[in-house]
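This briefing concerns the salt bridges of one protein model. Please examine the structure shown here before reading the points below.

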Amino acid sequence: MAQQERAVRTRRAVLEAAAAVFAEHGYTAATVADILKTAGVTKGALYFHFDSKEALAKGVLELQTDQVLPEQEIKLQELVDVAMSVAHRLVHEPLLRAGARLSADPIGRRHYGSAWPLWVDMLTDILTVAHQRGETLAHVVPQEVAELVVSSFNGVQLYAQLESGLNDVEYRASVLLKHLLPSIASPAVLMRLDVAPDRGARITREAVPVPAPVPVSA
């Protein structure tokens, strides 16, 4: 068991190092040598878990949705919380910044994919329940709205990255939701939603990381 736990820690350390390098340099310019140096592990340890830079990128993307936020009485608040927690984490976590950069790379994503479908699926599930509960307006189609939220958020994230180095991304995400939610939420629900810029910081403190799987061969 100790060996398995060590393997899990090593795998996570490698992925966090890869995320830091991808976030700073992008996929094409990142090198395995840079990742090894950042992770502080041997080449053998890295290749035990990942056989290529492409596999590392896929691993980073798979971790984008690895936090479970607290359930809320209003399901649409959970949609807000996902968006605002991501905005907050973008500022503080290279893992999220790497996911955003990798997902938006038009060339690299052909090889390793994108985190966007994960976010769309998550928000579609939330919106489906919200719609069933009558929290949304009648015209809402959950997957369409999920795709709109993800695409709009990524535009806001990119704008904030280029204009302020992400310093105001939480404020900009809050503004986006304030203008978007009236076209989605029923009036009674809308007035109860917390979309304050600091919502992400508050809710992230209550999040629970999803445990990493233990490698079978570790």
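A search of the whole structure finds 13 salt bridges, a salt bridge being a side-chain nitrogen of Lys or Arg within 4 Å of a carboxyl oxygen of Asp or Glu. The model is predicted, so local features need pLDDT of at least 70 and side-chain atom pairs count only at pLDDT 80 or more, while totals for chains, interfaces and linings use all residues. Residues are numbered from 1 along each chain as its sequence is written, and side-chain values use heavy atoms, with hydrogens and water left out.

**A pair within one helix**
- Glutamate 54 and lysine 58 form a salt bridge with an N to O distance of 3.3 Å.
- Both belong to helix α4 (residues 53-62) and are 4 residues apart, so about one helical turn separates them; helices (H or I, at least four residues) and strands (E, at least two) are DSSP runs, numbered from the N terminus.
- Glutamate 54 is partly exposed at 28% relative accessibility, and lysine 58 is partly exposed at 34% (buried means under 20% relative accessible area, exposed over 50%, partly exposed in between, with a 1.4 Å probe and protein chains only).

**A pair between a loop and a helix**
- The closest N and O atoms of aspartate 66 and arginine 89 are 3.5 Å apart in their salt bridge.
- Aspartate 66 lies in the loop between α4 and β1 (67-68) and arginine 89 in helix α5 (residues 75-92), so the pair ties together parts 23 residues apart in sequence.
- Aspartate 66 is buried at 8% relative accessibility, and arginine 89 is buried at 4%.

- Aspartate 198 and arginine 202 form a salt bridge, with their closest N and O atoms 3.0 Å apart.
- Aspartate 198 is partly exposed at 39%, and arginine 202 is partly exposed at 28%.
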